[in-house]
Amino acid sequence: MPVLASTPFLRIARALLVLSAALCVASVARTALGIGDARVAEVIYNLAIVSACATWCLRSVVPDPAHGAFVCGSIGSALWLAGGIVTWFDGNDPAFSLADVLMFGINPLICLGLFFYGRSAVPRPIAASRWVDALLSAFTVGAVGAALVIEGALASVADATVTAAVYPTGTVALAACAVGLLALRGWAFDRRFALIVAGAAALATTEILYRRAQVDNVTAEFGTFYDVGWMLGALLMALAAWQPQRPLPVEPRRTEIVVPIVLGAIALTVLIVEGAEHSSSALTITLSGLAVATLLARMALSLNLNYRLLLHSRREAITDSVTGLGNGRRLVADLERLGGARATLVLLDLNGFKAYNDTFGHLAGDQMLERIGGALDAGAGEEGRAYRMGGDEFCVLLPADAATSPAALAAGAAQRGEGFDVTAAFGAVALPEEATSATDALRLADERMYAHKRDGGSRGQPVVEALLELIQQHDPELLRRADAIARAER
């Protein structure tokens, strides 16, 4: 039970809940042992319902994100009590009476209360897939309810037993709303929602069984286990009102995939079975058909999401996270796709960047890398492409007719300011004249870059070795032949 300050509300609620639970136990014992008459059973029932409703109404005066739900529940409780008072004086009328009008009003109010509760408990924004899951759930529950509950009730309706159709219909609608809200929550239960669902299920089940008993002309007096079902449902709903609202899990759950598939299979089964019968209900066929159509929409959403995730993962695999340029994997792939076309490979290594990074920090270093990457990408032109190889090494693949020279690229990458001077050494290779493979091109460009910056700093060999490992994965035989040629030349 939540901590709701040290007000008397919590103590009163606990006392009322204990009283309602004790009366439920007393009703079970009285019914099982046959103690007392129907009048005693009616007194126990009314006291239990009044205490549970009072507990719910008391909760509506305590601040809560789901305040609208408690207000709806309080109004529904008042209608239920009013119906009970009418029944107390007029008795149980099998026809649709004033008591039925009052008591039936609790169904739409509970549905509205579930809406208010969902609005406060479901995190925003709500994914489109969850909205589709909610529709799929509601249509499936409606189809099953129409096939198993409403059709049988309608078949037995007479002028004096219209309640046999009205109450089951309202109960099925309530169940559809509850399961739809559960889908919006990502099929995640907390204690409060679990008790709400359990209470609604107890009330709905008891209501359906009770109305079927009326249709079969079974005596509907107090003193049966139907009383216990209603009392238990009211107790569970009252207990749910005083539970804390827990945060829902953020990460997707496996149930968000499994449950829609199961619901779709149920809806398809209902559609096939009902469609094979000539006397099937149009309501059942319509609801199950809508459920199957919603399942197809859900599958389309899932396929589209998976496709976008696949594209994103592929893009991430070949993109440098700091500069947004292609990485070494992208360079190797682009070199392999050249297919003998003419191009110029320019490998660049920064001089003075390590000192800048150590002096001004990694954040400033990343910002400089981003600026240099942007300058190189702009210098490559529309047909060219820039890459960050890792560390402070970059590469540019220029088309054959590029207006920018390798020296101009290196000059454009220079960054100067107070306390720092970052320049770029480069090595360029003409493809395919000077190298016909990615391995040869990278080796030659690295050698020329090293010669260009021999007086300026280290060579950045680990990055090139990492690229060669990538080529090893793509074409190991090519790398072995290149090594053999290099050893022969030495």
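Me: How many bridges join β1 to β5?
Reply: This is a predicted model, so local features need pLDDT of at least 70 and side-chain atom pairs count only at pLDDT 80 or more, while totals for chains, interfaces and linings use all residues. Residues are numbered from 1 along each chain as its sequence is written, and side-chain values use heavy atoms, with hydrogens and water left out. Strands (E, at least two residues) and helices (H or I, at least four) are DSSP runs numbered from the N terminus, and two strands pair if DSSP finds at least two bridges between them. β1 and β5 run antiparallel, with L345 opposite V429 in β5; the number of bridges joining β1 to β5 is nine.

Me: Which residue of β3 stands opposite V346?
Reply: β1 also pairs with β3, in the antiparallel sense and over seven bridges. Within β3, the residue opposite V346 is V396.

Me: In what order do the five strands form the open sheet?
Reply: The edge strands are β2 (385-390) and β4 (415-417), each pairing on one side only. The pairing in this open sheet is antiparallel. Read across, the order is β2-β3-β1-β5-β4.

Me: Which residue takes a positive phi in the hairpin of β2 and β3?
Reply: β2 and β3 pair in the antiparallel sense over five bridges, and the bridge partner of G390 in β3 is E393. The hairpin has two residues between the strands. With a phi near 60°, the residue is G391.

Me: What angle does helix α16 make with β5?
Reply: Contact means heavy atoms within 4.5 Å. Helix α12 (residues 328-337) lies across β1, β2, β3 and β5, running at about 130° to β2. Helix α16 (residues 438-452) packs on the sheet and touches β1, β3 and β5. The direction of α16 makes with that of β5 an angle of about 140°.

Me: Which residues does the cis peptide bond join?
Reply: The loop between β5 and α16 holds P432. The bond has an omega of about 0° and joins L431 and P432.

Me: Are α13 and α14 parallel or oblique to each other?
Reply: The axes of α13 (residues 353-360) and α14 (residues 362-380) come within 6 Å and cross at roughly 140°. Angles under 35 degrees count as roughly parallel, over 145 as roughly antiparallel, 65 to 115 as roughly perpendicular and the rest as oblique. The two helices are therefore oblique.

Me: Which residues of the largest nonpolar core touch the most other members?
Reply: A nonpolar core is a set of buried Ala, Val, Leu, Ile, Met, Phe, Trp, Tyr and Cys residues joined through side-chain atoms within 4.5 Å. The largest one has 57 residues, and its largest share, nine residues, comes from helix α9 (residues 225-241). Apart from it lies another core, of 23 residues, including I372 and L398. In the largest core, the residues touching the most other members are I49, W80, L114, Y117, M231 and W242.

Me: How far apart are the C-alpha atoms of S60 and V71?
Reply: S60 lies in the loop between α2 (38-59) and α3 (67-90) and is buried, with a relative accessible area of 13%. Not counting residues up to four places away in sequence, S60 touches H67, F70, V71 and S74. S60 and V71 are eleven residues apart along the chain, and their C-alpha atoms are separated by 5.6 Å.

Definitions and conventions
Axes fitted to C-alpha atoms, helices over the stretch in contact; angles between N-to-C directions. Buried < 20%, exposed > 50% of the residue type's maximum accessible area, 1.4 Å probe, protein only.
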